[in-house]
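Here's a quick tour for anyone meeting this structure for the first time. Have a look at it below, then read on.

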Amino acid sequence: MCRRTNPSTRTGRPRSTEADTAILEATRAALVELGWSKLTMGDVAGRAGVAKTTLYRRWANKSELVVDAVAVLFDELELPDLGSLQADIENVVLQFAALLERPETKTALMAVVAESTRDEPLRERIRASIVDRQKRLVLEGRIRAQRRGELPADRDPVAVDATDDLIFDVIAGAVVHRALVSAEPVDGPWVARLSALLVGGLGAAAAVG
């Protein structure tokens, strides 16, 4: 006999619910006010107006919670079509830099990256929730540039994937280092030089490939 599944017994938590939104907003607010060391799951629960058990059903610890709280901010990044690959890159880099200027992003990102150096599951969560999700921007940019004729069509999928990973690493690494480590401005002239370097490198890579 076929047994029906009771919806109330399904595991996992739904995304983008009202409770999740309130919890993630409360997490970011608490980070700005309290800092990483003083942030607790109980404080977040109180701010969000939910029971602490509600948080623990969704997140095992505050590291996971903070990753998800900052991941939704990175999901705000967009790649509008500005007519050229270089202009598209400049725009998204400036968006990324502006995101890193926000106190909640800066505090959360630096904290979870530091924690992840001794927590492999947390590192995997950062990769899945932030890094892998944002690689969509590189894919969108490459496909758009190919349609414009700025880049050749894909010939070797493995090589293309490796190049996409490298582009993401170069952009993310350069911007995070300049903004959060060197504390130098990510301004128009610097972004223009970075994007010109990237576009020139992509052209050289296509010629070699």
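Among the elements of the chain, helix 5 comes out with the highest mean pLDDT, 96, while helix 9 has the lowest, 82. (pLDDT is the predictor's confidence in each residue, on a scale from 0 to 100; helices here are DSSP runs of H or I with at least four residues, strands are runs of E with at least two, and both are numbered from the N terminus.) Across the chain the mean pLDDT is 87, and 89% of the residues reach 70 or more. Residues 1–13 are another story: pLDDT stays under 50 there, and the model gives them five contacts beyond four places in sequence. A contact means heavy atoms within 4.5 Å.

A bit of housekeeping: this is a predicted model, so local features need pLDDT of at least 70 and side-chain atom pairs count only at pLDDT 80 or more, while totals for chains, interfaces and linings use all residues. Residues are numbered from 1 along each chain as its sequence is written, and side-chain values use heavy atoms, leaving out hydrogens and water.

## The overall build

What is the chain made of? It has nine helices and zero strands, so the pattern along the sequence reads α-α-α-α-α-α-α-α-α. Of the contacts with a separation of 6 or more, 66% join residues 24 or more positions apart.

Of the 209 residues, 37% count as buried, meaning under 20% relative accessible area with a 1.4 Å probe and protein chains only (exposed is over 50%, partly exposed in between).

## The nonpolar core

The largest nonpolar core has 54 residues, and Val 44, Leu 65, Phe 74, Val 93 and Val 175 touch the most other members. Such a core is a set of buried Ala, Val, Leu, Ile, Met, Phe, Trp, Tyr and Cys residues joined through side-chain atoms within 4.5 Å. Several helices each supply at least two residues of this core, among them helix 1 (18–34), helix 5 (85–101) and helix 8 (157–181).

Take Val 93: leaving aside neighbours within four places in sequence, its contacts include Ile 171, Val 175 and Trp 190.

Glu 104 sits in helix 6 (residues 103–116). Is Glu 104 buried or exposed? With a relative accessible area of 15%, Glu 104 is buried. Beyond four places in sequence, Glu 104 is in contact with Arg 28, Leu 31, Val 32 and Leu 73.

Over in helix 9 (residues 188–208) there's Leu 202, also buried, at 14%. Its contacts beyond four places in sequence are Leu 85, Leu 151, Thr 163 and Ile 167. Leu 202 and Ile 167 are 35 residues apart along the chain, with 8.9 Å between their C-alpha atoms.
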